[in-house]
Amino acid sequence: MRMTPSSDPITLAVIGAGERSECYLAAFEKYYPGQYRVVAVADPDEVKQKDYQRRFGIPDSMIFDGYASIIKEKRIADVAILATLDDMHYVPAIALIEAGYDMILEKPIAISLEESIAIGEVARKHPDQLVAVCHVLRFTPFFKIIKQIIDSKELGEVIDIQHNENVGYFHFAHSYVRGNWRNTRDSAPFIVAKCCHDMDILLYLLGDKHCKSLSSFGELSFFNEAHYDEKTMAPRCIRCPKQNECPFDCVRIYKVPMIATVPLDCSSPEAIEKTFSTSPYGRCVFHSDNNVPDHQVVAMEFDGGITASFNVSAFTKYTERTIKVMCEYGEIRGRGNTNEIEVIRWDSDEIKTIKIPASEIEGGHDGGDEGFVRDFMECYGSSKGFASRIELSIESHVMAFASELSRLESGKSIDIQELWREKAEER
């Protein structure tokens, strides 16, 4: 529901002016210049506040120190981009929906299943508002092509899927050992924070099929105190005798382009000393306060007897997703790092290889961020249904939280619909 006529630019309020918000704004600017205006920003960082004010001409009255300030105001924009940290989704999401905003909501929806369901229930009471969850993988050329092949039925029906998320040793060390998602005290469980994307992709590929039950195992096997030796190591990398031989050394890690968005100064020996003497990103990966598993596997049963397995692991060189979809008359193999898809038919010796051009995968998440924004704008104010509405995204979160529950209970089988009903009734 828009505040302004459709010929006017869409107005945006950015809540959480971090890297994710920047990805979406970059896509807005690339494809829809002049069709949007950032009219407000809420973030406790004064540097970010001033940057947004300068870039977008935001008046002082529309600069807020955080979500608690902006939700006290009446609706001041068409769309709110809610990209705060995971533990700061629940309160503002509900307040913004009730205030009449349409919303771009960063995943995960919330840090608990109860909170996720609650946000979904509030959204359900406001059917004229669009709450778009950022399951951006649905919008990548890679998964859209795999979906098209499945839907064509050229290989028959899907029987089984093997899906892998290779986190990458350096990315895991950054985000899940040293970073914001290292401890469930402050963030959603690892399988939720990192892999609700992947649960969503399985649902996306299988169309109208729903997950019936699942079982999961996983541990924090390596990045723990058992691998810390106080006689030969140090609590911080820059003091550690093993610094030069350790692949997780902070200085080595933060030269990796993938995490260049982290504002850490490595420009000189003096800067490195200052940065990693105090920053959490300078801690030894075996001597931190992390508690999330470094590997996890989930076995799932879907409607129609379809099975799927999902594996997520820190112990890979590359950050990529790989997938194999096994059908009645052939299989599909895909590798995200190279954006190549192989289609293999049993009745032919030929392997059809689809290579996605680099021009189609620009932007974050292999083109998913841009695809998300483009689909959002095509659907906004029209009758076209958005592909990642919150009512479609809740199920992936139920699956992810169920996976963590199963892991904590030694692989107990979880009935998805029963868990969903149970948590909804508890509210």
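Helix α1 crosses helix α12 in a right-handed sense, a crossing being right-handed if the near helix is turned clockwise from the far one by less than a right angle, and left-handed if anticlockwise. The model is predicted, so local features need pLDDT of at least 70 and side-chain atom pairs count only at pLDDT 80 or more, while totals for chains, interfaces and linings use all residues. Residues are numbered from 1 along each chain as its sequence is written, and side-chain values use heavy atoms, with hydrogens and water left out.

The two helices, α1 (residues 19-31) and α12 (residues 368-379), pack at an angle of about 60° with their axes 9 Å apart. This makes α1 oblique to α12, since angles under 35 degrees count as roughly parallel, over 145 as roughly antiparallel, 65 to 115 as roughly perpendicular and the rest as oblique. Axes are lines fitted to C-alpha atoms, for helices over the stretch in contact, and angles run from 0 to 180 degrees between N-to-C directions; helices (H or I, at least four residues) and strands (E, at least two) are DSSP runs numbered from the N terminus.

With contact taken as heavy atoms within 4.5 Å, the residues of α1 that meet α12 include Arg20, Tyr24 and Phe28, and those on the α12 side include Asp369, Phe372 and Met377. By class, this contact has 9 nonpolar, no polar and 5 charged residues, where Ala, Val, Leu, Ile, Met, Phe, Trp, Tyr, Cys and Pro count as nonpolar, Asp, Glu, Lys and Arg as charged, and the others, Gly among them, as polar.

A search of the whole structure finds 28 salt bridges, each a side-chain nitrogen of Lys or Arg within 4 Å of a carboxyl oxygen of Asp or Glu. Three of them are tabulated here.

| Salt bridge | Closest N and O atoms |
|---|---|
| Arg20 with Asp369 | 2.8 Å |
| Asp198 with Arg321 | 2.6 Å |
| Lys212 with Glu301 | 3.9 Å |

Arg20 is buried at a relative accessible area of 15%, and Asp369 is buried at 1%, buried meaning under 20% relative accessible area, exposed over 50% and partly exposed in between (1.4 Å probe, protein chains only). Asp198 lies in helix α9 (residues 196-206) and Arg321 in strand β11 (residues 320-327), so their pairing ties together parts that are 123 residues apart in sequence. Asp198 is buried, with 0% relative accessibility, and Arg321 is buried with a relative accessible area of 14%. By contrast, Lys212 is partly exposed at 40% relative accessibility, and Glu301 is partly exposed at 31%.
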